[in-house]
Amino acid sequence: MIVDSDRMVDATVGSVSEIGVLLRKYRVRAGLTQEELANRSGVSVRAISDMERGVARSPQRRTIDSLAGPLSLRSDEIAQLHKSARRSRAATPSGEPVTPRRIFDSPVVAQLPPDLHDLTGREQEIEQLRRCVETQVTGNRTGRVVVLSGAPGTGKTSLAIRAAHDLADHFPDGQMFLKLRGMSEEATSAADVLHLVLRSLGIDISSIPVELEHLAGLCRSLLAERAVLIVLDDAADEGQVRPLLVGGPRSLTLVTSRHVLAGLEGAGRLSLDVLAHHQAVALVGTIIGTDRVEAEAGVADELVELCGRLPLAIRIAANRLASRPAWPLSHLVSQLRGRSKRLRALTAGDLDIRSVFDLSYRQLRPITAAVFRRVALIPGSDFSVTTARVLLDARREDDIDLLLDELVDASLVQLAPAQGRYQLHDLLCEFAKDLLAEKEEPETVREVEKHLDHWLMEMATAAGRFFQPCADMETPPVATSCFDDALSARKWLEAEAGAWSGAIRRLAARGDHRRIVDLADAMCWYPEFGGTADLWYEVFDQAMHSAILLGSKKEEAARRN
């Protein structure tokens, strides 16, 4: 069952109740639409509509009280609404259970979206989900809810649909696919989703309650003994998901979200990463044909790496090639090589990688968004909390730590393999750099980058001095906030090698040669302890060129030796 808030259908049943007449009268008097009243009261549009049409005749006291303020009701008018609701409740004989009225026998719900025939490279994840189901069948209830999370474009929805088709036989009572639209500006409310679930189960609209907890309770009672697979696609947060966990012990709920939903208790978790290289190439071959891939094998390898092995980016690139059979793969690769044009090139019809990223970015708080944009300025493949702190000149490192955790939860930043470090996917890094150019003044960006480079050079120079022989020590080493002895200095230099070596290149481009020469002087003895030949060739070669540009024959000679 696909639930789409844009396709809701209202139905008028029976005569309008007394409370419905009153509510409509007061709303019209207040000059409010149902949507405006919903926004001001916190009561859903669906609930207000159901009350006015006589579908819901006995709302709870707190519902009426929530409406009273926006409608500017007098105390006697509020009392009249409460009295009408009590009369409706009294119409049901005391002690007689209320049985939901059906408009047809409950069907087996089996309306999953079509499976992607070319889904490639997720066999391991599907097997993990299958093991979860098999554990469940034996009576273990710990895997009843599984969250599929991952960065934008990792293929969470595609995997959930494939898994639902593959596992359908384990759930003979139905498979539901519910679109929560968590990344849109107006996410589907839990009440609206449950309302349509009940309609799909054959419940007459006049028997469907208004309040969220009653909707959830009725769904639970109807699904308690059924073996149902429920897919909750594109969840915004835990609050949206919790009321929708209505499946019984024989059911499985798969939740897809860009957020990790760490607050969901007892949920199994599966985090999707990019594809392995061979899987990424195989996906291209599945879409455009293996003959084209084999004819340009080396180019295909470069293509998937330029796409960061991100499934959606690969699919977009392959779809462009499939729609242009005369194009060699090298033509598209030449477009993708230009970093400034890469995101624009990854567009095919209504598939656009940048708009997919933008959905997640728009959910961030302003300060978190600023961190996301600015970490793209850090050279190297990963970065530390301390380095990220320099970008905002935050007073407390803990502040940045929490902001980075928000970005990890939103799947916009990843935890790096090294403990305590973070990394950006290549395409997300390009997206962040684009945002820097759009959202911040060029002079501000230049100053932030310059401040970062100066700090990196200051730290690297200070670290290098810990390795000078005592006899040659002109400038003694000084402890910093990052290290206080040779061992910790060495660890910092190794961990931050990509950052401080990248800063050298940017300083050279800006003509800041004095700092480069000073670094090389401090680093003179460190190559005996760490680093690679390529790194030291780059550092000292650049220092020699900087010495030449400074006109220092002595420092030029030192570098040539």
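This is a predicted model: local features need pLDDT of at least 70, side-chain atom pairs count only at pLDDT 80 or more; totals for chains, interfaces and linings use all residues.

Q: How many helices and strands does the protein chain have?

A: Helices (H or I, at least four residues) and strands (E, at least two) are DSSP runs, numbered from the N terminus. In this protein chain the secondary structure comes to 27 helices and 12 strands.

Q: What percentage of the residues count as buried?

A: A residue is buried under 20% relative accessible area, exposed over 50%, and partly exposed in between (1.4 Å probe, protein chains only). Of the 561 residues of the protein chain, 51% count as buried.

Q: Which residues of helix α2 are buried, and where do they lie around the helix?

A: An α-helix has 3.6 residues a turn, so residues three or four places apart point the same way. In α2 (residues 34–41) the buried residues are Gln34, Leu37, Ala38 and Ser41. Seen down the axis of α2, these buried residues fall within an arc of 100° (taken from the directions from the helix axis to the C-beta atoms), so they line one face of the helix. They pack against α1 (18–30), α3 (45–52) and α4 (61–71), whereas the face of α2 turned away from the buried side carries the exposed residues Asn39 and Arg40. After α2 comes Gly42, whose phi is positive, near 85°.

Q: Is strand β5 open to the outside or enclosed by the rest of the structure?

A: Strand β5 (residues 229–233) is largely enclosed by the rest of the structure, because 5 of its 5 residues are buried. Both faces are covered, with Leu229, Val231 and Asp233 buried on one side and Ile230 and Leu232 buried on the other.

Q: Which strands pair with β5, and in what sense do they run?

A: Strands of a sheet pair through backbone hydrogen bonds, either parallel or antiparallel. Two strands are said to pair if DSSP finds at least two bridges between them. Here β4 and β5 run parallel and are joined by 5 bridges, with Phe177 opposite Val231 in β5. Strand β5 also pairs with β6 in the parallel sense, over 4 bridges, and Leu232 stands opposite Val255 in β6.

Q: Where is an antiparallel sheet to be found?

A: An open sheet of 3 strands, with antiparallel pairing, has the order β10-β12-β11. Its edge strands are β10 (383–384) and β11 (414–415), each of which pairs on one side only. Between β11 and β12 (residues 421–423) there are 2 bridges in the antiparallel sense, and Gln414 stands opposite Gln423 in β12.

Q: Which residues is Asp233 in contact with?

A: Asp233 is found in strand β5 and is buried, with a relative accessible area of 10%. Leaving aside neighbours within four places in sequence, Asp233 is in contact with Thr157, Phe177, Leu178, Lys179, Leu180, Arg181 and Thr256. Asp233 and Phe177 are 56 residues apart in sequence and 7.2 Å apart in space, C-alpha to C-alpha.

Q: What is the phi of Arg181, and what is that of Ser411?

A: Most residues other than glycine have a negative phi, and most peptide bonds are trans. Arg181, in the loop between β4 and α8 (190–200), has a positive phi near 55°, and this residue counts as partly exposed at 22% relative accessibility. Ser411, in the loop between α20 (397–409) and β11, has a positive phi near 65°, and Ser411 is buried, with a relative accessible area of 9%.

Conventions: Residues are numbered from 1 along each chain as its sequence is written. Side-chain values use heavy atoms; hydrogens and water are left out. Contact means heavy atoms within 4.5 Å.
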